[in-house]
Amino acid sequence: MNNLFVYLEIEEGVVADVSLELLTKGRSLASQLDCKLEVIAAGSAADLEKIGEQVFPYGVDLLHLFKDDRLSPYTTLPHTSILAELFQKEQPQICLMGATIIGRDLGPRVSSLLGSGLTADCTSLEIGDHEDKKAGKIYKNLLYQIRPAFGGNIVAWIINPDCRPQMATVREGVMKKEIFDPYYKGETIEHDVADFVKEEDFVVNIIDRHIEKSKVNIKNSPIIVSGGYGVGSKENFQLLYQLANVLGAEVGASRAAVDAGFVEHERQVGQTGITVRPKLYIACGIS
Amino acid sequence: MTFNIIVLAKQVPDTRNVGKDAMKADGTVNRAALPAIFNPEDLNAMEQALDIKDRFPGSKITVLTMGPGRAAEILREGLFRGADDGILLTDRAFAGADTLATSYALSMAIRKIGKFDIIISGRQAIDGDTAQVGPQVAEKLGIPQITYAENIEKIKGRKITVKRRLENGVEVVECPLPVVITVNGTARACRPRNAKLLLKYKHAKTVTERQTENIDYIDIYNSRPYLNLTEWSVEDVEADKVQCGLSGSPTKVKKIENVVFQAKESRQLTDDDVDIEELMKELIDSHTIG
């Protein structure tokens, strides 16, 4: 009871990087709180075949499996029912998910159903106390959900004093994934999906789906040549591409340059884009 | 076939154009210097709504916004672009709402409107970037949601087909009505204001605006009902005050820090060839380049 849960995103049997990054963060928070780290994997039998071996080395204590071929690819309602039902039984204190299209679709729906608070796109998560002077109450071990707001011009520290679980989403690349213990062994529970999901949850049909591997790999690039609004135009960005080509680098961009339409969004770097850790970062026209 | 469409729109400070005056020397935001605008992705949603109206003439678009009195500006902007009606949800009791309290209030207003087939909004607002209100409104109304929509492909009978933009691709989904749809910034831009509609609705006002601006002309407002913008309070939508505003918000702001950007571990070089040469050597020696 009152453990820390992470929702796993799975595409073709592989756990997404963002979920593994959250396992590393989740493991360290769970140890700090002296609670267990539990994860939820929902999908087709084929997708779930090798989840345990992928996640246990990150220090997962309990893996909840929900196998039903209709659960892959992801649709909102059945996954919402699974989380909401499971959370009502297990009463987790914290739930983390990726600030991806799936996490940002699922998180708010679950939080609304449970009446719990959710903070989107956190850049840092910490455990700490909070004193509500007005009510004369001290809250121990809350999750500080730290995120940029107002277009990245301020950073807000958000807390959920009274409602559980405390829910947060985090973007890919913000946390660092690290194997906790290669021989770590957690337990697995397979649930009966019919106890969680109603037939009418399957009203949305996916009739076509094209997934392409992203051509831009800015997250793992050791060198990034980034341009801002000061570059001036889409044409001028060609200079950056030329330089990047010579250096074996990727081209990045600031929010202003993306908003101005100079560059596509998948190259956006920073608090509202992709978090990067290059060895060399060359900034052009960024103030 | 006609549809009742509700566009959820928000008036936001234009955080994209944070100019020199917008940030004070101590790093705090000077809100007065930021213009209030129609949230950009809500305009993409507006265009999708207008497109449905083009395809199914006789469909009705209602713009619903929650905010202070000045947010009535958003309703006029919607009317100038082709909406049929505007409702401002405004009350002190709504102040300080997080996304959950906001979606509760909006869902109560939508219940009061009563007839709806499609509720459509932008994916997220540029002041909070949370993308939470759309899905939460859908959950409160107990209807499905389609987020990250790029285009409404077709509506046939009571089924809608929508193209979604995912991180690495696209997905086409089919869903029964009623539904909540949130629209991505990659969707078509909204058509401009229509000159005729601008003239028609220029003086459309809420009762509060007419009172504070001392606008008389009672006869005109009586004879042209479309000039009266609807204004609803907590009582009007029969909302539970405890679930609104600050008291209805599970998340609380513990503190706000102003971001003062500073360079760490940086070095300044001159544009002299020697400096650049040395930097290049250093980068090659450390195997950063090459």
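1. The largest cavity. The model is predicted, and the points below should be read with that in mind. The lining of the largest cavity draws on both chains: chain A contributes Tyr74(A), Thr75(A), Thr76(A), Asp105(A), Val204(A) and Ile206(A), while chain B contributes Gln145(B), Ile146(B), Thr147(B), Arg164(B), Glu171(B) and Val173(B). The space within the largest cavity amounts to about 90 Å³. A search of the whole structure returns 2 cavities of 30 Å³ or more.

2. Composition of the lining. Which strand gives the most to the lining of the largest cavity? It is β7(B), with 3 residues. In chain B, β7 (145-156) and β9 (169-176) each provide at least two lining residues. Sorted by class, the lining comprises 5 nonpolar, 4 polar and 3 charged residues.

3. Extent of the interface. The size of an interface is often expressed as the accessible area lost when the parts come together. For chain A and chain B the buried area is about 4,700 Å², with 57% of it on carbon and sulfur atoms. In terms of residues, 54 of chain A are in contact with 57 of chain B.

4. How many residue pairs are in polar contact between chain A and chain B? The rule finds 25, with both residues at pLDDT 80 or more. The side of chain A that touches chain B receives at least two residues from each of several elements, among them the helices α4 (76-90) and α7 (255-259) and the strands β8 (124-132), β9 (137-149) and β13 (205-211) of chain A. The greatest contribution to this side comes from α5(A), with 8 residues. Its classes are 25 nonpolar, 17 polar and 12 charged residues. The interface also contains 2 salt bridges. In one salt bridge, Arg255(A) pairs with Asp129(B), and the closest N and O atoms are 3.6 Å apart.

5. Pro178(B) belongs to the loop between β9 and β10 (179-183) of chain B.

6. A positive phi value. Asp34(A), a residue other than glycine, has a positive phi, near 55°. Where in chain A does Asp34(A) lie? Its place is in the loop between α1 (17-33) and β4 (37-43).

7. Salt bridges in the structure as a whole. Over all chains, the structure holds 39 salt bridges. One of them pairs the side chains of Glu190(A) and Lys67(A), with an N to O distance of 3.6 Å. This pair links distant parts of the chain, since 123 residues separate Glu190(A), in strand β12 (residues 187-191), from Lys67(A), in strand β5 of chain A.

Definitions and conventions:
Residues numbered from 1 in each chain as written. Chains lettered and ligands numbered in written order. Predicted model: local features only at pLDDT ≥ 70, side-chain atom pairs only at ≥ 80, totals over all residues. Heavy atoms only, no water. 1 Å grid on protein atoms, 1.4 Å probe; cavity = no way out; pocket = protein on both sides within 12 Å on 5 of 7 lines; lining within 4 Å. Points joined across faces, edges and corners; volume = space filled by probe spheres on them. Helix = DSSP H or I, 4+ residues; strand = E, 2+ residues; numbered from the N terminus. Nonpolar A, V, L, I, M, F, W, Y, C, P; charged D, E, K, R; others polar. Contact = heavy atoms within 4.5 Å. Buried area = accessible area lost by both parts, 1.4 Å probe. Salt bridge = Lys/Arg side-chain N within 4 Å of Asp/Glu carboxyl O. Polar contact = N/O pair within 3.5 Å; in protein donor to acceptor, adjacent residues only side chain to side chain.
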